[in-house]
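Reader: I would like a close look at one part of this model. Please keep it brisk.

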Amino acid sequence: MQNEPGHFKLLAPFYERFIKPKEPEKILAQLGLPQPDGAVLDAGGGTGRVARYFVGKVARVVVADQTFEMLQEVSKKEGLTAVCALTEEMPFPDGYFCCIVMVDALHHVADQVATINELWRLLKPGGRVIIEEPDFRNFRVKMMALAEKLALMRTHFITPGRILDLFGDDRSVKRIEVDGWTAWMIVEKPA
Ligand SMILES: C[S@@+](CC[C@H](N)C(=O)[O-])C[C@H]1O[C@@H](n2cnc3c(N)ncnc32)[C@H](O)[C@@H]1O
């Protein structure tokens, strides 16, 4: 079920030199990180570029990713646990994480529905999922999607509203925040 034809394998050693987190403070503020004894998951977390900002704020920070070479960069950072897994099926019990983030990765996964269902399974009642994605309603993002197609990346962008729809109707506390061409989809699981 590997989606990307090796792009991230090649990019891994240079990834963080070129891609900077947009606003890690924004994700931190949205997460709230209410449970110092809890665990946070960064799904499709790559090199741990974003997850490293959570270290010291909770008991455990896990980066799950399918690309071994990206995870090798995670292991160079203090306080992160690297797990090689598909976001569609991750090796953790139900409700293991108090917060889950997924940054710039949903449009890369092979199965978005299975991924969202898996994030929901892993989230503790009362917990929060934050998905950061390029806002596909934005013209610049549409051009970026086209460029990725030309680069033979099998990406699949969907709009913020469609992402929230994937969480289903019963998952009622949902909102979208937008800044420029980036959107954050925030979903809270009833306690
Ligand atoms: C653009 S990178 C973003 C990495 C990280 N979230 C960040 O913001 O720095 C996308 C990541 O998604 C991972 N990925 C793509 N499909 C995946 C899947 N089905 N399961 C796990 N990881 C996946 C890739 O290996 C890559 O590391």
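By class, how many nonpolar, polar and charged residues does the shell around the ligand have? Then take me from there into the sheet.

Author: This is a predicted model, so the cut-offs matter: local features need pLDDT of at least 70, side-chain atom pairs count only at pLDDT 80 or more, and totals for chains, interfaces and linings use all residues. Residues are numbered from 1 along each chain, as its sequence is written.

The shell around the ligand has eight nonpolar, nine polar and five charged residues. Here Ala, Val, Leu, Ile, Met, Phe, Trp, Tyr, Cys and Pro count as nonpolar, Asp, Glu, Lys and Arg as charged, and the others, Gly among them, as polar. In total, 22 residues surround the ligand. To be near it, a residue needs its C-beta atom, placed from the backbone, within 6 Å. The closest are Gly-44, Gly-46, Arg-49, Gln-66 and Thr-67.

Now the sheet. It is open, with seven strands in the order E3-E2-E1-E4-E5-E7-E6 and mixed pairing. Strands (E, at least two residues) and helices (H or I, at least four) are DSSP runs numbered from the N terminus. Two strands pair if DSSP finds at least two bridges between them. Strand E3 (80-84) and strand E6 (173-179) are the edges, each pairing on one side only. From one strand to the next, the twist averages 20°. Axes are lines fitted to C-alpha atoms, for helices over the stretch in contact, and angles run from 0 to 180 degrees between N-to-C directions.

Take strand E1 (39-43). Five of its five residues are buried. Buried means 20 or more other C-beta atoms within 10 Å of the residue's own; exposed means 12 or fewer, and partly exposed lies in between, with C-beta atoms placed from the backbone. Both faces of E1 are covered: Ala-39, Leu-41 and Ala-43 lie on one side, Val-40 and Asp-42 on the other. In a regular strand the side chains alternate between the two faces of the sheet.

E1 has parallel partners. Five bridges join it to E2, where Val-63 is the bridge partner of Asp-42. Three bridges join E1 to E4, where Val-40 has Cys-99 as its bridge partner. In the loop between E1 and E2 sits Lys-57. Lys-57 counts as partly exposed because it has 15 C-beta neighbours inside 10 Å.

Val-40 and Leu-41 also belong to the largest nonpolar core, which has 43 residues. Such a core is a set of buried Ala, Val, Leu, Ile, Met, Phe, Trp, Tyr and Cys residues joined through C-beta atoms within 7 Å. Val-40, Leu-41, Phe-97, Ile-100 and Met-102 have the most contacts inside this core. Strand E4 (residues 97-103) gives the most to it, with seven residues. Leaving aside neighbours within four places in sequence, Leu-41 is in contact (C-beta atoms, placed from the backbone, within 7 Å) with Val-62, Ala-64, Phe-97, Ile-100 and Leu-122.

Beyond E4 comes E5 (residues 123-134), parallel to E4 over six bridges. Cys-99 stands opposite Arg-128 there. Helix H3 (residues 24-31) packs on the sheet and touches E4, E5 and E7 (182-188), at about 155° to the direction of E5.

Glu-133 has Ala-183 in E7 as its bridge partner. E6 and E7 are also antiparallel, over seven bridges. They form a hairpin with two residues between them, and Gly-180 in the turn has a positive phi of about 60°.

Methods:
Two residues are in contact if their C-beta atoms, placed from the backbone, lie within 7 Å.
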